[in-house]
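Open the model in your viewer and keep the selection tool ready. We will go stop by stop.

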Amino acid sequence: MTAEPPLVTWLYVPGDRPERFAKAVASGADAVILDLEDAVLAGAKDRARGNVVDFLSDLAGPTRGRPQVHVRINAPRGEHGARDLAALAGLAADARPDAVRVPKVEGPEDVDLVVRRLGEGTAVHGLLETAAGVQNAPAIARHPAVRALALGEADLAAQLGLRGDAAYGWLRSRVALAAAAAGLPRPAMSVYTDVRDAEGLLASCRAGRDLGMFGRTAIHPHQLPVIRDAFTPTEDEVARAREISTAAENGAADGAGAIALGDGRFVDAPIVESARRTLALADHLSRTPH
């Protein structure tokens, strides 16, 4: 479990649309991802890279009061990825992004390449977009530079022939398990591409939450409130968690082990800890204006 407040909403912004950067920062997203990869056509890569470097330079300084700002680079072994890394390496320390999202990660050696270019202390979010990446998720998650894992579901769908949201269930669970085993935050879900389908987005988020995912990337600000709602504990969940936490406190005072609830059910330490996480999350989200 990470000590930092959990990120719930992440908003992608194309690197070749600099007029949207400041709006994204003000959108209420917990993290803004300046995208140099999929959202930018090949002919606009250099211009997008320059836009991102300029924006980060202007944004340099204290981070308090703004969302995290990440950069998704191109695959680091390709020409554009190498240029992205060189551009980020040239930034002053206080202008570096809060994290670098690295696509097509298939093993720890891909993370090593990024760290060699950007230096120790670089926070890497590894995007697993191939079968090899998913298979190697445990080793990738244990790399000391990796702060989070995420799935690139569109690429996986193309490679594996997946259809429908339910087809991602096993993949999501595997990545969630690898993250938890390495002590990383629960992985955020990949984008939901139909920006008009709020109902489908909500259902998909809730399904992912049930599989151990937490939070989601978005491609439009209109998706942010839906994502936030999906991952916010419900009133019933908060009430249940409060009951368990209160019973545990009373039980601890009595020197009890397993705790008996009013309905006759018993709960033990892992359930109590889960309840306390639910209360902490609900409190954090209630104090975070969006």
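A residue is called buried when its relative accessible area is under 20%, and exposed when that value is over 50%. Keep in mind that this model is predicted.

**Stop 1: helix 7.** Select residues 153-160. Which residues here are buried? They are Glu153, Leu156 and Ala157. Look down the axis of helix 7: these buried residues fall within an arc of 105°, so they line one face of the helix. Now turn to the other side of helix 7, where Ala154 and Ala158 are exposed.

Next, show what the buried residues of helix 7 pack against: strand 5 (124-128), helix 5 (131-135), strand 6 (146-151) and helix 8 (169-181). Then click Gly161, which follows helix 7 and has a positive phi, near 70°.

Stop 2: Seven of them form an open sheet, paired in parallel, in the order 6-5-4-3-2-1-7. Strand 6 and strand 7 (216-218) are the edges, and each pairs on one side only. From one strand to the next, the twist averages 25°.

Zoom in on strand 1 (residues 9-14), which three bridges join to strand 7. Select Leu11: its bridge partner in strand 7 is Ala218.

**Stop 3: two helices.** Select helix 3 (residues 79-89) and helix 4 (residues 108-118). Their axes come within 9 Å and cross at roughly 35°. Ala82, Leu85, Leu88 and Ala89 in helix 3 meet Val114, Arg117 and Leu118 in helix 4. Of these contact residues, six are nonpolar, none is polar and one is charged.

Technical notes. Residues are numbered from 1 along each chain as its sequence is written. This is a predicted model: local features need pLDDT of at least 70, side-chain atom pairs count only at pLDDT 80 or more; totals for chains, interfaces and linings use all residues. Side-chain values use heavy atoms; hydrogens and water are left out. Axes are lines fitted to C-alpha atoms, for helices over the stretch in contact, and angles run from 0 to 180 degrees between N-to-C directions. Helices (H or I, at least four residues) and strands (E, at least two) are DSSP runs, numbered from the N terminus. Contact means heavy atoms within 4.5 Å. Ala, Val, Leu, Ile, Met, Phe, Trp, Tyr, Cys and Pro count as nonpolar, Asp, Glu, Lys and Arg as charged, and the others, Gly among them, as polar. Buried means under 20% relative accessible area, exposed over 50%, partly exposed in between (1.4 Å probe, protein chains only). The arc is that of the directions from the helix axis to the C-beta atoms. Two strands pair if DSSP finds at least two bridges between them.
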